[in-house]
Amino acid sequence: MYINLSGLNILVTGASRGIGKAIATKLAEAGATIAVHYHKNINEAENLAQILGNESKAFQADLVDPADAVKLFERVVLELGSIEILINNAGIAEAAPIELAQDDWDQVWNRTIAMNLTSPAILCKKAIEHFIQKKTSGRIINISSRAAYRGETAEYLAYASSKAGLVALTSSIAKSFGKKGIKAFNIAPGFVRTDMAKAFMSQYGEEHAKGDIALERLTEPKDIAPLITFLASGMADHATGTTFDINAGSYIH
Ligand SMILES: NC(=O)c1ccc[n+]([C@@H]2O[C@H](COP(=O)([O-])OP(=O)(O)OC[C@H]3O[C@@H](n4cnc5c(N)ncnc54)[C@H](OP(=O)(O)O)[C@@H]3O)[C@@H](O)[C@H]2O)c1
């Protein structure tokens, strides 16, 4: 099967490292032009955009601030001319034990919801308006988490809640805008070896993470990217609204 994404502009948030970088790389290999979004890692993002080719470019935005999400979308459209596919991948997982002082707990909750749910929702709204205006059969792929279904440990209540919100957002978009040609998919990874997973790894150890899965090795970012590329191609459009589990058999919802 041959996947050709040339001529498509794809905004990948959080593409400077981890899962987003692997996704951006696979999509560019298939010919897409990537808007490589980053927060702080300007060098990684600019180097990646150059390596990816296809006139890919790096774009900065702090997605804890929802106003930045609006500006990001508008800047990408201005510079690339259009966006055909949005991939909401950037996310944070900040720990907030229940014993934390209320103000501190609230801060983690608010930052997490802003970053993992509000900004992705704003980017979805902008993308839907853009797809309708351009009469494009656009696609949205949101990176949620297995935590949305099976819950998380006590420190990550905000994280799991934000990811569950993203699942409902995605299926609602699929239901509401399918007749306008818009498709929306949800990816629910399990533990993936990235910077985000380091905190868990140092707390519980690699063997604990391995004990949770059915396969012989932990999931790497490169194990997530091919399915995203397939969804981006349009060959799975009739799966719109669905969540795809990629968790090495650790949890089937
Ligand atoms: N790793 C896992 O085990 C796992 C499991 C399930 C789901 N996920 C989900 O998969 C997605 C990618 O995770 P990952 O493990 O690849 O994460 P990661 O390695 O920690 O990378 C995070 C990415 O998000 C960007 N980012 C961080 N703070 C930001 C902010 N304030 N504003 C805008 N962007 C910001 C980072 O940009 P800079 O590099 O510029 O800072 C980076 O590109 C997330 O949504 C995560 O929740 C991950």
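Modeller: Seven strands make an open sheet, in the order β3-β2-β1-β4-β5-β6-β7, and the pairing is parallel. Strands here are DSSP runs of E with at least two residues, helices are runs of H or I with at least four, and both are numbered from the N terminus. Two strands pair if DSSP finds at least two bridges between them. In general, strands of a sheet pair through backbone hydrogen bonds, either parallel or antiparallel.

At the edges you find β3 (57–60) and β7 (243–246), each pairing on one side only. From one strand to the next, the twist averages 20°.

Before going further, a word on the model. It is a predicted one, so to speak of local features we need pLDDT of at least 70, and side-chain atom pairs count only at pLDDT 80 or more, while totals for chains, interfaces and linings use all residues. Residue numbers start from 1 along each chain as its sequence is written.

Now take β1 (residues 9–12). Its partner β2 (residues 33–38) runs parallel to it over four bridges, with Asn9 opposite Thr33 of β2. Both faces of β1 are covered: Asn9 and Leu11 are buried on one side, Ile10 and Val12 on the other. "Buried" means 20 or more other C-beta atoms within 10 Å of the residue's own, with C-beta atoms placed from the backbone.

Over at β7, the parallel partner is β6 (residues 183–189), again with four bridges. There, Pro189 has Ile246 of β7 as its bridge partner.

What lies across the sheet? Helix α9 (residues 225–233) lies across β1, β4 (85–88), β5 (139–143), β6 and β7, running at about 160° to β5. Axes are lines fitted to C-alpha atoms, for helices over the stretch in contact, and angles run from 0 to 180 degrees between N-to-C directions. Contact means C-beta atoms, placed from the backbone, within 7 Å.

Finally, the ligand. Of the 29 residues around it, Gly14, Gly18, Gly91, Thr194 and Met196 come nearest; a residue is near if its C-beta atom, placed from the backbone, lies within 6 Å. Helices α1 (18–29) and α7 (195–204) each give at least two residues to this shell. By type, the shell has 15 nonpolar, ten polar and four charged residues. Here Ala, Val, Leu, Ile, Met, Phe, Trp, Tyr, Cys and Pro count as nonpolar, Asp, Glu, Lys and Arg as charged, and the others, Gly among them, as polar.

Terms used:
Buried ≥ 20, exposed ≤ 12 C-beta atoms within 10 Å, placed from the backbone. Contact = placed C-beta atoms within 7 Å.
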